[in-house]
Structures are given as C-alpha cells and as structure tokens.
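I opened my notebook to look at one structure and jot down what turned up.

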Amino acid sequence: MLRVKDIHHVVYRHADLEALEAFLGDFGMVVASRDDDRVFFRGACSAPYIYIAERAETPSFGSIAFEVESRDDLLKAAALEGASEVQALDRPGGGERVILHDPAGRQVDIVHGISTVAPLPMRPALTYNTADSKQRFGDTQRPEPGPAQILRLGHIALGVQDLHANLQWYTTVLGMLPSDMVVEEQRDNPHAVFLRIDRGDDWTDHHTVALFGAPRDHVHHSSFEVQDVDSQYLGNQWLTQRAWTPFWGVGRHLLGSQVFDYWYDTSGNIVEHFTDGDLYNRESRTGYVEGGSNTLYQWGPDMAIEDFLGHE
Ligand SMILES: [Fe+2]
C-alpha cells in the first residue's frame, strides 16, 4: 500500500487555453508559468501548481496526481502491475512520477519530490460574531469583492461504471478510508462512496476522492478550497457578474458538510469552490446513509440527485 500525503494536482486538456485562462482567473487561480502548450495554475498555498491545462484539439480529462510520502513509495508504485517506471517530471518544481491507471482506465500519477513555493498573500479568514459568541470588537467586516482566492486542490469526484472495482483499487492501492457510503439496503452495495486519505492521527479532509456509480466513466468535478463563506459568496457574485456559467450553489453539502459552489469551465467541465469541510482521521467511523437528494445537501438552490449526477 502506498502512503499518500495528499492530492497534488489535476490535468485537463482544452482546445482553447486562452478562454480557460480567463475563466480560471475569475474562478480564483493564478498562472504560475506557461509554455507553448501548457499553462500551470497555482493556488495561494505552497504547491507550485494544482491544475495543468494542456492544449489539445478535443477537450478531455488528463490525470489526477497524488503525492506520496517518500521515494520508496514511488518505487513500490513502479512495482505494481501495469505501472510505468519512475520518470523525471519536466515541470516547475521538478520531482518524479509513476503512472498508474485505476479500474476505469483513468491515469493516476503518483508523484514525489516536487518542490514547494512560498505561499501567496492570503486574506485571513473573517472573524464572525455569532449570536452566542462575539469575537470581533470595535472592528469592521470588509472583505474585498473579486474572485474567490483558491488556496489548494481539495478533492476529485469520479463517476464510475464499476463502483466496487474502483472502491477496491482506491482503498487497497492508495490506502484510502471510506468516510461515508450512500447505500440502499445492503451495506456492501453502495452507490456512492466518499474516501479520505489515511493520515493516521492527523486530521484530513472528509473526502479526497468521491466515487459515484454512473453509466459511463467520467470526471464529475474537481474541487478547490477557499478561505471562508464570504469568499464563496463574493466569488459567486464575481463569476455571475462576469457572465460565466453556474452549475449549482451556494449551498451546504450533507456528507463532508462543505459549503459548495459549482461552475462550468469553458470546456463544460464542472469545478467547485468549497470551504468549512469536516475533518476526519484514521479513527473516524464510516457512515452509512440511505437516500437520494437528501444525501446531497442541507441547504442551497433546488437540485435533484439525478440532475447533479446526470452531468457528464
Ligand atoms: Fe465536491
């Protein structure tokens, strides 16, 4: 089993990189560097890039990358059936990777040794005065309008034809742990699973990979963390004013509890802003939840689960 540290980046292929760059700028990412056929986008945290856009005639999803603890984990990955050899990465920050494929045939890069960069200046989280807990005295609340500054890549949600095989792969090869399973009557036959990274006693996001049973293998969305709820709403207002295409939000999910806001990029992929998600560790217990749309959100604009999952 590989010791995964975190999700590191995603790769998407787009026909029009300039249009995508305009969208992702308004979505809250920053261009870190570029060459003729690739643009590297970063968040405000210390990863040199979290999203690589590659130029291609036909838009498609490229790959997901997970960072592992040590070079030893890379060697272990390279020994798996169907794995590539360890390859040097020709990208900012250097490092190495091993290419794997999950049961859906999706490329999963295992990376190590990519150097970090200095974080960008971030707006600190706002101090909220709740009804029963006043924390801000003699000071005002003035978050600046503009894009929701993206801090980091948080998770990816995958539609999979064979949920069981993918669940098996992500839990055994990457050592992930189920935080919540959406089931009907039988617990061993879930139709959605939310998986977190095993960080031992350390706290980690409720899910880093979500698997949804689907008629076709596809990437449902990738999701990026922003500072707080005001950032979500200001980001939503900014994207609305710039006439980008909304998918769903702002609302609060049930499983993972994140405040969410989903948008279409310029190639029709869904990307998400999230904040205020639950943190779990190795001891956290798997939840089993029965139901449909009521498992999707606690509040927010109306959305039927079929319409949420129906996007491909
Ligand atoms: Fe999500």
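First, my rule: I call it a salt bridge when a side-chain nitrogen of Lys or Arg lies within 4 Å of a carboxyl oxygen of Asp or Glu. This is a predicted model, so I kept local features to pLDDT of at least 70 and side-chain atom pairs to pLDDT 80 or more, while totals for chains, interfaces and linings use all residues. Residues are numbered from 1 along each chain as its sequence is written, and side-chain values use heavy atoms, leaving out hydrogens and water.

**Salt bridges.** I counted 18 of them by this rule. I looked up Asp 73 and found a salt bridge to Arg 3, with the closest N and O atoms 3.0 Å apart. The two residues are 70 residues apart, Asp 73 in helix H2 and Arg 3 in the segment before strand S1; helices (H or I, at least four residues) and strands (E, at least two) are DSSP runs, numbered from the N terminus. Asp 73 is buried at 0% relative accessible area, whereas Arg 3 is partly exposed at 43% (buried is under 20%, exposed over 50%, partly exposed in between, with a 1.4 Å probe and protein chains only).

Next I checked Arg 152, which forms a salt bridge with Asp 205, also with a closest N to O distance of 3.0 Å. Both Arg 152 and Asp 205 are buried. Shared partners join Asp 6, Arg 152, Asp 205 and Glu 225 into one network.

**The sheet.** I then traced an open sheet of ten strands with mixed pairing; two strands pair if DSSP finds at least two bridges between them. Strands S19 and S20 stand at the edges with a single partner strand each, so one side of each has no neighbour in the sheet.
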